[in-house]
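Dear colleague,

Please find the structure below, followed by a short account of what was found in it.

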Amino acid sequence: MNMSPIDLREKAHWVWRETLAVHRRAPETRLASSLSSIEIFVALYYGGVLRFDPTQPLAEHRDRCVISKGHGSICMYPILADLGYFPLDELKRVCQTGSFLGGIPDPVIPGYETVNGSLGHGVGVATGMALGLKCKGSDRSVFVVSGDGELHEGANWEAIMFASQHKLDNLHLIIDDNRISMLGYTDDIVSHGSLSARLSAFGWDCLEVDGHDVAAVQAALLKMKKNRAGKPKALIARTLKGHGVPGLENAPLSHIMNPKPELIDSLLEQNP
Amino acid sequence: MSIKPLAMRDVLLDRIWRAMAEDAKIYFVSADFGSPVLDKIRADFPDRFVNVGIAEQNLINISAGLALEGYTVFAYAIAPFITMRCYEQIRVSLALLSEVRPMNVNLIGVGAGYSYVVSGPTHQCYEDLTLMRALPNFRVLSPSDHISAGALFDRCASTKGPKYLRFDAQVLPVIYENGAPDLDVGFHIHSTGKDVCLIATGYMLHTALNVAANLTAAGHSVGIIDLFDISNFAADQLQAVLSSYAGIVTLEEGFRGRGGVDSMFFEFIARRGLSTRMLNIGVEGGYRFELGSREELHEQVGIGPQSVLSSVTTFVQSLSD
């Protein structure tokens, strides 16, 4: 699937609405961090970046997409349903008894590769997958989506060092750089400074992009994927936590804030 | 002709090296930990050997990723580091993920108990049995000599799921001169008695054999069992064996009363309603910094032959009170 920029924007808007609707029904889900990553996932799945097959989620010929920022990927629920990984009706049962769509996604969900609830594991596992794919001569790619706050976990940097050492140019790290973790701005907690400079110093090729410009994200991802120059690659997507929701957007405590149902209703009405 | 004792790790690594020539799906990952036999793997299979450096968290996650791509992975490091430095990676990326996605990752931890004698408590390992047996989906294997250690290769290669192999760092005397024990049973009966049964794992089997000889000389009838599969032994069969004893004694090179093999058998007795009494032998107290031979250190913490003989003798006498 390779949508035009206009269609991608429309799809991103639909996902934004559906994510709000899921959260309206299931307020246990983390909304703010799921709104910052929408355009990243829309570009990956609708922008001709990932090779995937909803009828065979773990088919050998797929590109691997590891979603490390588990909490902040509730927007994947409507995307996976829309693509046919499971019926759209499942979106109405999120967090309910018998549903497989929980407050934090688990690998029982078709389309999820790994365990995501505990942060800081995705980059390492994705790096192992990239090594495995290289070893068996596969040209498939591995994408891993991480938050910037999650990069405080030191195990990420063990994998980041390893990936450049082993020239894993089939590995793509996308950082949803919303600059907020649970208790505030990451710059006030443990600042990454420039992630691009930091990752470049670790031997990665880096691109930066406005993470809410879905066409720009798509273009950057397609360029990255094509580039196999012996280095792992990172895309730093500058995003806003709580994107598009007044009071939530870029609020330091947005991770643990739930907008009132009336606000969600009004946003959905005003933004058809 | 007697068999020359070898290091457990070298025997298993040799089996892995031989198998890698036949099976392109075996991958070996080390956390900067070596052995002379490992040099053969590094030299002959550079495309399926990787050293992640001193980075056990990454060791586990890289291993998980490789296993998801279909490789049978052997991950190798010092026992306390491959279990405790990276416990959350083990829990999330192996124990938990293998619930959903089949994977074959075998953690080889070298340095069980006090086997790194003079290296002190950072390199000694007395908590791993407790921690690793707490994880669903994990198989915990604790051999007592190089024959039984090497035999684990077939089980590791052919059985999916994450496993922890607890290996001694020292060369231990050969126990299984006549061939490896039955891996399906998970334990091996070395002798049958009437009064008391010693259930030991790893190095402590050697202590049990030593102590049993003294007990027998003193007129007691002693059974000895090597429990080498901590997580998956033939429980009904073991119950039938233990039912004939008035008392059983567990021996482990791990902390006493902190959830290890002893806790497992207290629970085993309670759940199965056995009337047998039990004494648990394990490392008493906390961390210690004294230097000495392994035997001296063992005596200091209550698991040396003299200490065990004394404890078991008192226990056996109490059984007839």
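In chain A the mean positions of the 27 positive and 31 negative charges lie 5 Å apart; Lys and Arg count as positive and Asp and Glu as negative, without His and the chain ends, and each charge is placed at NZ of Lys, CZ of Arg, CG of Asp or CD of Glu.

This is a predicted model, in which local features need pLDDT of at least 70 and side-chain atom pairs count only at pLDDT 80 or more, while totals for chains, interfaces and linings use all residues. Residues are numbered from 1 along each chain as its sequence is written, chains are lettered from A and ligands numbered from 1 in the order in which they are written, and side-chain values use heavy atoms, without hydrogens and water.

Over all chains, the whole structure holds 33 salt bridges (a side-chain nitrogen of Lys or Arg within 4 Å of a carboxyl oxygen of Asp or Glu). One of them joins A:Glu60 and A:Arg64, with the closest N and O atoms 3.5 Å apart. A:Arg64 is buried at 1% relative accessible area, whereas A:Glu60 is partly exposed at 48% (buried is under 20%, exposed over 50%, partly exposed in between, with a 1.4 Å probe and protein chains only).

In chain B, B:Arg15 and B:Asp154 form a salt bridge of 2.8 Å, N to O. Both residues are partly exposed, B:Arg15 at 28% and B:Asp154 at 42%. Shared partners also link A:Glu60, A:Arg64, A:Lys136 and B:Glu69 into one network of salt bridges.

Yours sincerely
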